[in-house]
Amino acid sequence: MAPNFRALEATDLGLRDIDRNHSWSRGLLDNPTIHKKIGFVNTLRQVVQDTHDSGSSTSLPALSRQQQAPHDLVLDSLRSNSTIRLIISGGAGTGKSTLINAIVRSTRELFNNENSVRIMVPTGVAAFNIGGSTIHQELGITADKSQSYKKLEAERCRRMQVDFKNTKLIIIDEYIMIGTKMLAYIDLRLRDIFGTKESFGNISIVLVGDMRQLPPVFDTPLYAEGGRELQLTGNLSYSEFKQCFRLEQVFRQSGVEELEYKEALSRLSDGKSPVAHWNLFATRSYATLSVEEIHSFRHALRLFPSKDEAASYNEERLRELGFPVAHVLSVNNCLTAEGASSDDAKGLQNILLLSKQARVMLRKNYSTQFGLVNGSTGTVKDIIYKEGDESPGNIPIAVLVEFDKYIGPRVYEESTVVPIIPVTTNWISSSGVPCHASGFNYHLSCVGQ
Ligand SMILES: Nc1ncnc2c1ncn2[C@@H]1O[C@H](COP(=O)(O)OP(=O)(O)OP(=O)(O)O)[C@@H](O)[C@H]1O
């Protein structure tokens, strides 16, 4: 499934003698009550599920005035049977998801139909986090670098026409990751599905996201004009979005520490930094730090320009730790699943390398109430295989992770360790093959801090 980064494919980690000869089922002897603990984790996940379910039906917070305005505009437009092209932008915690949920709920009530509104996202990981689908999956778009639009074959198109029959509104979340080429594709595909020459098949489109995030990869940002065939079409499609609401009120403060620094970063993203902020950043310049401070950053989380570089760095750090490395493969139901792109497979990569003391990051919200959210970091304490199962070749039953910030009930009395268990996901490939795969990469990625 999903090609791995070159660095992972070439590595000997997980395959050396020290890795193969390690007794991987030892973890089970050291953790005889693991199944009880896993039961506890399942309860946690149930809590998340219940919250999610009730959130989408009854218990959304009352919308603020800033949220209410775009909500009402969309609903009024749907009621009057006109189409709307709208952008809703806002930084982290400004209530974008809450607003999306409110629009979805009101639209479904208005039309008394679940399919009247669809949410789509550009990447597999984002889709997994919202329990939704990628644009590629929903609209049958295959990832390729060609410059021309490819129509759906007739039978697939007919099936999609049935599927989209009652759809009045499409909400595209994380839209900043969409480029002009992709927007053109969405526009043209919807024209095909709805059998019309009108843009976007003459249905309403709402783009939601944070304008200050990074632009798309392998595509030109929506605000860039010019380019080749599809990009030019995308420019035209984007020019229809003339209305924009900006959500300013932050409902979720992710911590009160370093407030000045957060404020400085926020101004920087607006391009409005005063000299005081420049001075603040200057105090953190590498050249002005003491040797002790530089050393304290040795294992800081790093950003790399490419996935390959990040994978190489992670590999180096795993090697330095000196523990046996588990070579955790995902399990796929068929060859199509094995060869699926990462986006089709909702972000899953084939190989995950783990060892004791490795730093890992959660890639999805596990339990927001208890502080286990997409981006939470922790340290691997143990990797537990079923008796008789070994690495490589088998999936562990759990990876014990000590989280840096866990605020839920203790699974282990003395620590913030939580067992992370593998997950199975299903999807239909772009050629229509039902696929499923199990693995850990949905939940965890190794970060070589
Ligand atoms: N009108 C509101 N009143 C009270 N709380 C709200 C309101 N809107 C959102 N919230 C709360 O604020 C928090 C953040 O909201 P939400 O997840 O919708 O923001 P977001 O912009 O999607 O965040 P992110 O970009 O980080 O995913 C949630 O806990 C949500 O319940």
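Begin by selecting threonine 167, which lies in the loop between helix H9 (154–163) and strand E4 (169–172); helices (H or I, at least four residues) and strands (E, at least two) are DSSP runs, numbered from the N terminus. The model is a predicted one, in which local features need pLDDT of at least 70 and side-chain atom pairs count only at pLDDT 80 or more, while totals for chains, interfaces and linings use all residues. Residues are numbered from 1 along each chain as its sequence is written, and side-chain values use heavy atoms, with hydrogens and water left out.

Threonine 167 has a relative accessible area of 2% and is therefore buried (under 20%; exposed is over 50% and partly exposed in between, with a 1.4 Å probe and protein chains only). Show next the residues in contact with threonine 167 (heavy atoms within 4.5 Å): leaving aside neighbours within four places in sequence, these are Asn115, Ser116, Arg118, Phe194 and Ile203. The backbone oxygen of asparagine 115 lies 2.9 Å from a polar atom of the threonine 167 side chain.

Now display the strands: 6 of them form an open sheet with parallel pairing, in the order E3-E2-E4-E5-E1-E6, where two strands pair if DSSP finds at least two bridges between them. Strand E3 (133–134) and strand E6 (243–247) are the edge strands, each pairing on one side only. Strand E2 (residues 117–121) pairs with E3 in the parallel sense over 2 bridges, and methionine 120 stands opposite serine 133 in E3.

Finally, select tyrosine 261 in helix H12 (residues 259–270), which is partly exposed, with a relative accessible area of 31%.

Note on methods: A polar contact is a pair of N or O atoms within 3.5 Å; within protein, one must be able to donate a hydrogen and the other to accept it, and residues adjacent in sequence count only if both atoms are side-chain atoms.
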